[in-house]
Structure formats: C-alpha cells, structure tokens
Amino acid sequence: MTTDAAAAPKIRIVLAKLGLDGHDRGIKVVARILRDAGMEVIYLGLRQTTDSIVDAAEQEDADAIGLSMHNAGHLTLAPAMMTALHAADLDIPLIVGGIVPDADIAALEAAGVAAILGPGAPAEDVVAAVRAAINP
Amino acid sequence: MSIGNLDFDELVAAARGGNRRAIGRLITMVERGASEADQVTDATHSHTTGAHIVGITGAPGAGKSTLTGQLTRLLPQLGRRPAVLAVDPSSPLTGGAILGDRVRMDGMAGEDVFIRSVATRGHAGGLALSVPGCVRVFDAMGFDPVLIETVGVGQVEVDVVGAADTTVVVVNPGWGDAVQANKAGLLEVADVFVINKADRPGATDTRRDLELMLDLSHVSGQEDAAGYRPPILMTTATDGTGVHQLWDAVLAHHHHLVSTGQLAARRISRLRYEVTNRVEMAFQSRIQQAAHHLELDPGQSPTRLAHDLAQQIGTISKSARGDA
C-alpha cells in the first residue's frame with residue numbers, strides 16, 4: 001500500500017447529486033466502485049447546488065466531479081454545472097451518470113461533459129471513464 | 001483564478017491572499033508527502049500564528065461530523081474563522097476511501113469556513129500522517145481555530161492528542177458502564193467530554209459514569225497533576241443544543257493551557273512528536289525496502305535476521321549521511 005501510494009498521486013473525485021433529485025442508490029454504488037479502484041471519493045450526497053459543489057471541489061482539490069442524474073434534469077443541470085465550473089476557473093472534468101437518453105448525449109458532450117455513464121455500466125467502464133477523463 | 005500555471009511561490013502567495021484552490025493545492029502537496037510536503041512546510045511554518053487546534057474524536061457514529069458542522073456554523077458568528085480537517089479511513093486493501101464527513105456538515109458551514117477531507121492513507125492511530133502539515137497550512141493562512149475530526153476510533157487510537165491543543169471526546173448515552181469508563185486509553189486523554197445524542201435515554205447514567213471516572217482521577221492524583229478536571233457537556237448535535245456551551249468549555253480549556261504555561265509545553269511535545277514521526281517514516285520505508293530484498297527460508301532465526309537487518313540499515317543511514 002505504501003509503495004502504491006508513493007507511486008501515483010491519488011485520484012480525488014467529488015460525487016454529488018445536484019438539485020432536488022433524491023435517487024441516490026446509483027451514486028452510492030459508484031462511490032463504492034471508485035473506492036475499490038483505489039480512489040478517494042469525497043461524497044457530498046443529496047441536494048447540492050452548483051455553488052456547493054464548486055466550493056467542495058476547490059477545498060478538496062478534486063481531480064474530477066461526478067454527478068448522478070435520474071430525474072430528466074440533465075439537459076438543464078449539467079450545462080449549469082459546466083457554467084459554474086467555468087465561472088470559478090475550475091478546469092476539471094465533469095462526469096455524468098444516471099438516466100441519460102441516447103438522444104441527449106451529444107448535447108451534454110457539446111456542453112463540455114467529459115463522460116456519460118448509463119445504467120448498468122460495468123464497474124471497469126466506470127473506473128476507466130473516470131481515469132480517462134482525468135488523464136485524457 | 002486558475003492555479004494550474006502558477007509556480008510554487010505564486011501558489012503560496014495566492015493561498016495567503018485567500019485563494020481557496022491554492023490553499024487546497026498546498027494541502028494536496030502536504031498529503032503527497034516527501035519533498036513536496038517539505039517544500040510546503042518550509043514555506044508555511046514561519047507564517048503560523050499559533051491557531052487553537054481542537055481535536056474531536058470518538059467512536060464511529062458518535063456525531064463527530066455533525067458536531068463539527070455545528071461548530072463551523074457557530075464560530076463565524078463569534079468572529080472566528082475556522083478550518084476543518086475531516087479524517088476518514090483508507091481501505092487497507094485498495095488504498096481507496098469514501099470521505100463522507102461533508103454530508104453531515106452540509107448546509108452548516110459559513111462563507112469563510114474551509115473544510116478538507118483527508119484519508120488516513122495507511123496510517124493507524126486515528127489520523128493521517130499529513131495532519132500536522134495540513135494544520136500548519138491552515139494556521140499560516142489565518143484560520144483559527146483548526147478543528148481536526150478523527151476517524152471513528154475505538155479505545156486506543158489517541159494520535160489526536162499529539163496533534164491538538166484541546167481534545168474533545170464524544171460519547172453517546174448507553175455507550176458503556178463504569179468499568180468501561182475506567183479503562184485506559186481514549187477517555188484518559190479527554191480535555192472536554194461531550195455526551196452527544198443527549199436527548200436519548202441513558203444520558204444521565206453515562207454522565208454519572210464519567211463523573212465517577214473523573215472522581216477516581218482525583219483520588220489517584222492524575223487530576224491534581226494536571227490541575228484541571230475535564231468538564232462533561234451534553235449536546236444534541238442534530239439541532240445544535242449545547243454546542244455553544246461546548247465551545248465555551250473548549251475555550252476555557254485553552255485559557256487553562258495558556259495561564260498554566262502548558263500550551264507552550266504541548267506545542268513543544270507536538271513538534272517533538274512530528275519530528276520523531278518523520279524520522280520513523282523515513283526509516284520505516286528503508287526497513288521495508290531492505291527487508292524486501294532479504295533472501296529468506298522458513299528455517300532461519302528471526303532474531304538473527306532482525307539483528308543483521310538492523311546493522312544493514314545502520315550502515316545505509318551512515319553512508320547516506322556521508323553522501324550528504
């Protein structure tokens with residue numbers, strides 16, 4: 001472990017639910033997957049705002065932000081998060097997981113979302129997507 | 001302001017100017033350890049002003065994070081500028097961690113509060129090795145007090161005492177009995193006791209057990225040696241009941257330390273502890289490397305091997321000193 005810790009900087013990722021979407025089962029599974037991949041997950045939980053997420057990402061010096069969305073708000077919330085990150089000059093990738101219809105993926109990518117993970121994405125894909133978003 | 005292309009001196013200047021990303025990055029460097037951490041330590045230690053360092057410890061689920069969150073709400077109202085180091089455990093298997101303390105502090109922290117989650121990264125004892133360095137960054141950036149919330153501890157993880165001026169031990173109603181209360185370890189190191197979730201049944205029994213334990217400290221002379229009897233506070237962290245009184249008790253302990261000269265003594269022993277720790281870590285990695293290269297078979301004597309290895313390490317460190 002000590003050698004592992006010394007070898008590569010730890011990945012630190014902030015995970016949150018933005019807005020009033022209360023479905024947090026998926027994000028808890030993702031937190032566990034990323035923990036088991038050796039990452040440090042700063043878990044913010046439910047009912048966060050773009051400001052509270054930016055604050056946490058700054059203080060935690062996070063390498064990435066992961067948002068879980070299950071209430072069809074992604075076309076509003078993900079771009080709002082990107083705007084907040086730009087406003088704070090916070091140049092770290094945003095990853096969105098949850099229920100995102102295929103038809104909306106292009107719009108989210110155009111807004112600057114680094115990766116989009118759908119339901120049933122295998123653990124390896126989740127981990128690989130986070131790693132790739134941080135070190136493209 | 002983006003901090004990506006700042007050099008180190010610019011980063012320190014930005015942090016001292018209040019840039020939160022820059023402060024966050026300095027703490028990351030402390031966490032990474034080795035020369036990066038040393039660089040930050042060298043740049044920050046001359047700027048420290050002696051912030052009051054308060055450790056908050058107790059069993060998992062005792063309410064440490066929620067209490068800490070309430071303190072971060074109260075303190076700015078009292079004109080203070082608190083920072084929090086919230087420590088959670090790293091997995092011994094994968095090195096990963098879920099740092100969930102912010103969930104409990106959610107919606108409580110004021111504008112100017114800085115909260116940083118820290119994983120233990122393989123260190124036992126209830127804290128991370130980087131804690132003294134992180135505290136130093138906060139102190140140098142003008143935060144005071146610095147609250148250190150430990151991982152959920154059992155009976156013997158008392159590292160926090162070596163890191164804090166004032167140690168708050170959080171227990172809950174029904175947590176044990178008079179025998180538990182007199183066991184060595186965690187309860188011995190408290191400067192302030194908190195019975196959190198005091199709205200639950202059994203709070204007065206727990207208070208009585210703690211008072212009896214403290215009475216015995218009086219009988220055995222432990223209390224007289226310290227000239228101080230730890231107070232017992234009752235709180236309900238979820239609604240903030242008793243939190244202001246808790247802070248008053250923490251301040252009273254600080255005044256006691258200052259007026260008796262113990263604060264200076266604690267800080268000297270803290271420095272000694274940190275220096276010892278650093279050297280131990282340096283040797284530990286050397287020992288591990290050297291042990292890794294031993295050719296072993298099960299028939300060999302462990303005492304003999306340990307003796308030879310110790311000799312070898314001694315030689316290595318002498319030659320390292322010679323090189324420098």
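Two residues are in contact if their C-beta atoms, placed from the backbone, lie within 7 Å, and this meaning of contact applies throughout the legends below, which describe a predicted model.

**View 1. Chain B as a whole, with its contacts along the sequence.** Among the contacts in chain B that link residues at least 6 apart in sequence, 72% bring together residues at least 24 apart. Chain B contains 13 helices and eight strands. The radius of gyration of chain B is 22 Å, close to the 20 Å that the globule rule gives for 324 residues, and chain B is therefore as compact as a globular protein of that length.

**View 2. The domains of chain B.** The domain assignment divides chain B into domain 1 (1-47), domain 2 (50-259) and domain 3 (267-321). Between the centres of domain 2 of chain B and domain 3 of chain B, taken over C-alpha atoms, there are 34 Å. Where these two domains touch, domain 2 of chain B contributes four residues and domain 3 of chain B contributes five residues. On the side that belongs to domain 2 of chain B, three of the residues that touch domain 3 of chain B are nonpolar and one is polar, while no charged residue is found there.

**View 3. The packing of helix 4 against helix 11 in chain B.** Two packed helices are described by the angle between their axes and the distance between the axes. Helix 4 (residues 64-77) of chain B packs against helix 11 (residues 243-260) of chain B at an angle of about 85°, and their axes are 10 Å apart. Because angles of 65 to 115 degrees count as roughly perpendicular, helix 4 of chain B is described as roughly perpendicular to helix 11 of chain B. Helix 4 of chain B makes the contact through B:Leu67, B:Gln70, B:Leu71 and B:Leu74, and helix 11 of chain B makes it through B:Val243, B:His244 and B:Trp247. By class, the residues of this contact between helix 4 and helix 11 of chain B are five nonpolar and two polar, with no charged residue.

**View 4. The side of chain B that touches chain A.** Here 30 residues of chain B are in contact with 25 residues of chain A. At least two residues of this side of chain B come from each of helix 2 (20-32), strand 3 (97-99), helix 5 (101-105) and strand 4 (114-119) of chain B, and helix 2 of chain B gives the most, with seven residues. The side of chain B that touches chain A is made up of 10 nonpolar, 12 polar and eight charged residues.

Note on methods: Residues numbered from 1 in each chain as written. Chains lettered and ligands numbered in written order. Predicted model: local features only at pLDDT ≥ 70, side-chain atom pairs only at ≥ 80, totals over all residues. Axes fitted to C-alpha atoms, helices over the stretch in contact; angles between N-to-C directions. Helix = DSSP H or I, 4+ residues; strand = E, 2+ residues; numbered from the N terminus. Parallel < 35°, antiparallel > 145°, perpendicular 65-115°, else oblique. Nonpolar A, V, L, I, M, F, W, Y, C, P; charged D, E, K, R; others polar. Domains from an automatic or database assignment. Rg over C-alpha atoms; globule rule 2.2 N^0.38 Å.
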